[in-house]
Amino acid sequence: MTDELEDQMVAKTEELTEEKKGEEAIAEATELASLDPKDAIVWFVKGKAHYVDSQFEEALACFSKAAEIDRENAQVWHMMGYALISLNRLPEAEQALEYVKAVQPDNAEVVCALGICFAMQNKPN
């Protein structure tokens, strides 16, 4: 697959995800993953499509695959944290979000997500 075609497919999947068209985004992302299964971005956008469609286990599996390929991508760990919160796997969510906070200390969104995670666990932050 050409980089240009992959970029177009990623953009289309992102657009469908933004429009909350989960099923369509998942279909596009599934095709993309079959064409380029070694690209972390492909798995990341597929995970986001599943997340938007409230398929949190599937989203987590995709984010985990993306993290295997690109261990240092903070966006992947951030979304993984959200999926884990949605699955009520709070200690794991905390670990994922703490990683993001360590590499992006000024990321207000991750600080808020950590606060939510702490509150759900009745932990002081």
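Asn88 sits in the loop between helix 5 (74-86) and helix 6 (90-103). Helices (H or I, at least four residues) are DSSP runs, numbered from the N terminus. The model is predicted, so local features require pLDDT of at least 70, side-chain atom pairs count only at pLDDT 80 or more, and totals for chains, interfaces and linings use all residues. Residues are numbered from 1 along each chain as its sequence is written, and side-chain values use heavy atoms, with hydrogens and water left out.

Asn88 is not a glycine, yet its phi is positive, at about 60°. Asn88 counts as exposed because its relative accessibility is 53%. The cut-offs are under 20% relative accessible area for buried, over 50% for exposed, and in between for partly exposed (1.4 Å probe, protein chains only). Ser54 also belongs to a loop, the one between helix 3 (40-52) and helix 4 (56-69). The phi of Ser54 is near 60°, a positive value in a residue other than glycine.

Helix 5 is mostly covered, with 11 of its 13 residues buried. The buried set is Ala74, Val76, Trp77, His78, Met79, Met80, Gly81, Tyr82, Ala83, Leu84 and Ile85. These buried residues pack against helix 3, helix 4, helix 6 and helix 7. Contact here means heavy atoms within 4.5 Å. The length of helix 5 agrees with expectation, because 13 residues at 1.5 Å a residue should span 18 Å and the end C-alpha atoms are 19 Å apart. The expected span is 1.5 Å times one less than the number of residues.

The axes of helix 3 and helix 5 come within 11 Å and cross at roughly 25°. Axes are lines fitted to C-alpha atoms, for helices over the stretch in contact, and angles run from 0 to 180 degrees between N-to-C directions. Helix 3 and helix 5 are therefore roughly parallel to each other. Angles under 35 degrees count as roughly parallel and over 145 as roughly antiparallel. Helix 3 passes helix 5 in a left-handed crossing. A crossing is left-handed if the near helix is turned anticlockwise from the far one by less than a right angle. On the helix 3 side, Phe44, Lys48 and Tyr51 take part; on the helix 5 side, Gln75, Val76, Met79, Tyr82, Ala83 and Ser86. This contact comprises 6 nonpolar, 2 polar and 1 charged residues. Nonpolar covers Ala, Val, Leu, Ile, Met, Phe, Trp, Tyr, Cys and Pro; charged covers Asp, Glu, Lys and Arg; polar covers the others, Gly among them.

Helix 3 also packs with helix 2 (residues 22-35), at an angle of about 160° and with the axes 8 Å apart. That makes helix 2 roughly antiparallel to helix 3. The crossing of helix 2 past helix 3 is left-handed. Gly22, Ala25, Ile26, Ala29, Thr30, Leu32 and Ala33 of helix 2 meet Val42, Trp43, Val45, Lys46, Ala49 and His50 of helix 3. By class, 9 of the residues are nonpolar, 3 polar and 1 charged. Glu24 is placed in helix 2. Glu24 counts as partly exposed because its relative accessibility is 47%. The C-alpha atoms of Glu24 and Ala49 are 8.6 Å apart, across 25 residues of sequence.

Helix 6 has 14 residues, which should span 20 Å at 1.5 Å a residue; its end C-alpha atoms are 20 Å apart, in agreement. Leu90, Ala93, Glu94, Ala96, Leu97 and Val100 are its buried residues. They pack against helix 5 and helix 7 (108-120). An α-helix has 3.6 residues a turn, so residues three or four places apart point the same way.

Leu97 lies in helix 6. Leu97 is buried, with a relative accessible area of 0%. Not counting residues up to four places away in sequence, Leu97 touches His78, Gly81, Ile85, Val110, Ala113 and Leu114.

Helix 6 and helix 7 pack at about 155°, with their axes 10 Å apart. The two are therefore roughly antiparallel to each other. Helix 6 passes helix 7 in a left-handed crossing. Leu90, Ala93, Glu94, Leu97, Glu98, Val100 and Lys101 in helix 6 face Val110, Ala113, Leu114, Cys117, Phe118 and Met120 in helix 7 as contact partners. The residues of this contact divide into 10 nonpolar, no polar and 3 charged.

Methods: Parallel < 35°, antiparallel > 145°, perpendicular 65-115°, else oblique.
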